[in-house]
Amino acid sequence: MFNDLTAQFQARTSAPSPAWFLLGISTYSPRVTKVQKYLHTFLNEVIKGKQASKERPEKEKDLMDRLLSNDVNGVRRFTESEVIGQTIGFFLAGHHTTFTSATFVILELSRNHAVQMKLKQEISSVTSKLGSPTFETLSEYKYLDSVIREAQRLHSVASTVMRQALTSIEHNGGTIFPKTLIVVNMGGMHRCSKHWEDPNQFKPERWNHPIPPHTFLPFGDGPHSCIGKKLGLIELKMVLISLLSQFSVEIVEGQEINFVTHLTYGLTGLKVRLIPDHPCEE
């Protein structure tokens, strides 16, 4: 069911909303309601189990433990319905966009052979020294961080974000009044020549130096930033380390790659070859 939830989310982000009914992914379609019913039943059982169990130490609490906890006045922070919604959102935010980001990283590595070789060398060096990657050792892959950030800058999966002004703001000779909805074009900001040298070029080395604050926001910023940021980055790094420790990637020439934007920004039609680092001898 979780796989079908992800498939429905991907289908919705790649098709305009009027087509959802024809594709069987509208809000009240049998396929969608079936997944909703299963997830709500499953997560309600998880909530009941946590509420009946002994409270965990602070360091051992997971996302749902924190969502179910009380505030300083002993009042529940969220209703059970809100906890279920946040948990599903966390799952989707940490998976769908991660796969899209991984695709963009693979695209750029297949286009930039020298970068790919340098990254593979780092992966080989760190894993030889520290063994298979773990949560504790992921921070040792410095160049991998730079490659991921540069791919996220050049290809902003969440290309826009909407915020509401809380107070009156003077900007460029005009006034933005309270409660005005503001669309932040993060995709444009990430390619702005005012902040980035050669903004349309894939250059991971640019991350060796500090960048101007608030010019790189792939996950948004502030209290409403992406809930799946940490999970997504962990998954992304583990997938890339596992792949590049065994294969090199090579783009298939002559193909047509289509970049699409709906709820998120992505691409279709990418074909690459996986070249084994140690092919089996016949």
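The model is a predicted one, in which local features need pLDDT of at least 70 and side-chain atom pairs count only at pLDDT 80 or more, while totals for chains, interfaces and linings use all residues. Residues are numbered from 1 along each chain as its sequence is written, and side-chain values use heavy atoms, with hydrogens and water left out.

**Pockets**

- A pocket is an open set of points, on a 1 Å grid over the protein atoms alone, where a 1.4 Å probe fits and protein lies on both sides within 12 Å along at least five of seven lines; its lining residues have an atom within 4 Å of a point.
- The largest pocket holds about 790 Å³ of space, a volume being the space filled by probe spheres set on the grid points, which are joined across faces, edges and corners.
- Its lining comprises 37 residues, of which Thr97, Ala158, Pro218, Cys226 and Thr264 are the closest to the centre.
- Among the elements that each supply at least two residues of the lining of the largest pocket are helix 5 (80–93), helix 6 (96–111) and strand 1 (160–164), where helices (H or I, at least four residues) and strands (E, at least two) are DSSP runs numbered from the N terminus.
- The second largest pocket has a volume of about 530 Å³.
- Of the 18 residues that line the second largest pocket, Val161, Arg163, Ile169, Ile182 and Val184 are the closest to its centre.
- Strand 1 gives the largest share of the lining of the second largest pocket, namely three residues.

**Nonpolar cores**

- A nonpolar core is a set of buried Ala, Val, Leu, Ile, Met, Phe, Trp, Tyr and Cys residues joined through side-chain atoms within 4.5 Å, and buried means under 20% relative accessible area with a 1.4 Å probe and protein chains only.
- The largest nonpolar core has 22 residues, and the members that touch the most others are Leu109, Leu119, Leu144, Val147 and Leu240.
- Helix 8 contributes the most to this core, with six residues.
- Apart from this core lies another, of 13 residues, including Val35, Ile47, Leu67 and Val83.

**Thr137**

- Thr137 is found in the loop between helix 7 and helix 8, and it counts as buried because its relative accessibility is 14%.
- Leaving aside its neighbours within four places in sequence, Thr137 is in contact (heavy atoms within 4.5 Å) with Leu130 and Ser132.
- A polar atom of the side chain of Thr137 lies 2.9 Å from the backbone nitrogen of Thr134.

Note on methods
Buried means under 20% relative accessible area, exposed over 50%, partly exposed in between (1.4 Å probe, protein chains only). A polar contact is a pair of N or O atoms within 3.5 Å; within protein, one must be able to donate a hydrogen and the other to accept it, and residues adjacent in sequence count only if both atoms are side-chain atoms.
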